Amino acid sequence: MRRLVSTALVCALITLTVTAPAQAAPAQAAPAQAAPAQAAEPGGSGWVRVPSPPYDYPAGLTCDFALHGEPVVDEVYYKTLTTKPDGTPRTEAAFGPLVFLVTNLSTGVTTRGDASASGLITHHDDGALTYRVSGPLMVGFREGRGTLPRGFYVIDGVAWTLHISADNHRSLSGGWRIRKDLCAALS
């Protein structure tokens, strides 16, 4: 059970900066788009599918307005590769489609955010996390707390790294690019 909770927390940390209560706005229908292919059931043992939670960001944290994200495609699998002496994961692998419907709670405008990257997650002893990633991932940046200005982005690339320090400073390296500025798309 501790492993499942840890894995769910890791998934949430990718897309969440904080979770804060917010009033849900009426959902608008998203533009019709083809759904990504479902992840194939992984072969071998140890792969676990952990559903991603919805999230809420207060106004001013990443965008000027409050956001709500709801997973609409969620087929991500995790596997613990190595553990720390206490049994918690040190390294994990992850893959599978993950798409959120993201809503501007002020206006009801929606857009889709792709977080379907695959890669390796390293849990450092000090609480920091390092993601070695291929593909798109949604990442929120607070003011002065990362290598990008405050905002909420879909970052993409073939081989890139996201490091989240123990005090939540986010650094990008490698072959990344901004595929979508979610704040701009929702303005």
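In what pattern do helices and strands follow one another when the protein chain is read along the sequence? In this predicted model, the order is α-β-β-β-β-β-β-β-β-β-β-β-β-α, and the chain has two helices and 12 strands.

Some overall values for the protein chain are collected below.

| Property of the protein chain | Value |
|---|---|
| Residues counted as buried, of 187 residues | 48% |
| Contacts joining residues at least 24 apart, among those between residues at least 6 apart in sequence | 61% |
| Accessible surface | about 8800 Å² |
| Share of the accessible surface belonging to carbon and sulfur atoms | 57% |

Strands of a sheet pair through backbone hydrogen bonds, and this pairing may be either parallel or antiparallel. In the protein chain, four strands make up an open sheet with antiparallel pairing, and their order across the sheet is β2-β3-β6-β7. The edge positions are taken by β2, covering residues 55-57, and β7, covering residues 110-114; each of these has a single partner strand, so one side of each is left without a neighbour in the sheet. Averaged over this sheet and with direction ignored, neighbouring strands are turned by 25° against each other.

Which strand is joined to β7, and by how many bridges? The partner is strand β6, formed by residues 98-104, which runs antiparallel to β7 and is joined to this strand by five bridges.

Definitions and conventions: Residues numbered from 1 in each chain as written. Predicted model: local features only at pLDDT ≥ 70, side-chain atom pairs only at ≥ 80, totals over all residues. Heavy atoms only, no water. Buried < 20%, exposed > 50% of the residue type's maximum accessible area, 1.4 Å probe, protein only. Contact = heavy atoms within 4.5 Å. Areas by Shrake-Rupley, 256 points an atom, 1.4 Å probe, with all protein chains shown as cover. Pairing = 2+ DSSP bridges. Axes fitted to C-alpha atoms, helices over the stretch in contact; angles between N-to-C directions.
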